[in-house]
Amino acid sequence: TSPDTIDYSNFADYLITHNFNYWKLFINNFSAESDSSHILFMRFGFSTIVAFCKIILNTHWLYGILIFNLIMYLLTIYTILLFVWNLTRDIFTLVFCSIICFISGEMLLWVNYILTDTSFMSIVFLILFLTTNALIDKANSYNLNLSIFGLAILSIFWRPTAIPVIIFIFI
């Protein structure tokens, strides 16, 4: 296991021990001067998934995270392909993109690790897809904007790199 996996596991144990009391964790452990404190709070989302896997699957929680990563990987591919189809309506482009997605070394690499890469990638592509749809479909833009806002907030608590990515998407 990697140091990040151990960090997620320890934080998940802390959440379980304290009955998922995020407010108490914030009050007791947050320090504006500490970089590690900021990173801890920017990993709430994934650590919560790890905690739920530990509760449900006990000692097999790692398999739960691997299945979660696989589901997020498939959601990412689905979102990319839906995005490509909505823009091109061309079956050959869709098939080409499908092949590229399924053989992408970058995407396949991170599915096997207990890290946020796969799930964060899924969240970012979903935000990008919904943002594009909100720009195209003005009638449903309120619901889409609300979904985008919710995913943007989630991404900030998912991974420390979320803030620059979110800024880039909204520019």
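Helix axes are here lines fitted to C-alpha atoms over the stretch in contact, and the angle between two of them runs from 0 to 180 degrees between N-to-C directions. In this predicted model, helix 5 (residues 61–88) and helix 6 (residues 91–103) pack at an angle of about 160°, and their axes lie 9 Å apart. Since angles over 145 degrees count as roughly antiparallel, helix 5 is therefore roughly antiparallel to helix 6. The crossing of this pair is right-handed.

From helix 5, the contact with helix 6 draws on Tyr73, Leu74, Ile77, Ile80, Leu81, Val84, Trp85 and Thr88. Helix 6 contributes Ile91, Thr93, Leu94, Cys97, Ser98, Cys101 and Phe102. By class, the residues of this contact comprise 12 nonpolar and 3 polar, with no charged residue.

Helix 5 also packs against helix 8 (residues 117–136), at an angle of about 25° and with the axes 8 Å apart. An angle under 35 degrees counts as roughly parallel, and helix 5 and helix 8 are therefore roughly parallel to each other. Helix 5 passes helix 8 in a left-handed crossing. On the side of helix 5, the residues in contact include Phe68, Met72, Thr76, Ile80 and Phe83; among those of helix 8 are Met121, Phe125, Leu126 and Phe129. The contact of helix 5 with helix 8 divides into 11 nonpolar and 9 polar residues, again with none charged.

The account now turns to the nonpolar cores. The largest has 25 residues, and those with the most contacts inside it are Phe46, Val50, Trp61, Ile65, Ile127, Leu130 and Trp158. Two or more residues come from each of helix 1, helix 4 (44–57), helix 5, helix 8, helix 9 (141–156) and helix 10 (162–170). Helix 8 gives the most to this core, with 7 residues. Apart from this core lies another, of 11 residues, among them Ile77, Val84, Cys101 and Met107. Ile77, Val84 and Cys101 also take part in the contact between helix 5 and helix 6.

Asn19 lies between helix 1 (3–17) and helix 2 (22–29), and its phi is near 55°, a positive value in a residue other than glycine. Phe20 is placed in the loop between helix 1 and helix 2, and its phi is likewise positive, near 55°. Asn19 counts as exposed because its relative accessibility is 65%, over the cut-off of 50%. Phe20, at 21% relative accessibility, counts as partly exposed.

Technical notes
Residues numbered from 1 in each chain as written. Predicted model: local features only at pLDDT ≥ 70, side-chain atom pairs only at ≥ 80, totals over all residues. Heavy atoms only, no water. Helix = DSSP H or I, 4+ residues; strand = E, 2+ residues; numbered from the N terminus. Buried < 20%, exposed > 50% of the residue type's maximum accessible area, 1.4 Å probe, protein only. Parallel < 35°, antiparallel > 145°, perpendicular 65-115°, else oblique. Left-handed = near helix turned anticlockwise from the far one by under 90°. Contact = heavy atoms within 4.5 Å. Nonpolar A, V, L, I, M, F, W, Y, C, P; charged D, E, K, R; others polar. Core = buried A, V, L, I, M, F, W, Y, C linked by side-chain atoms within 4.5 Å.
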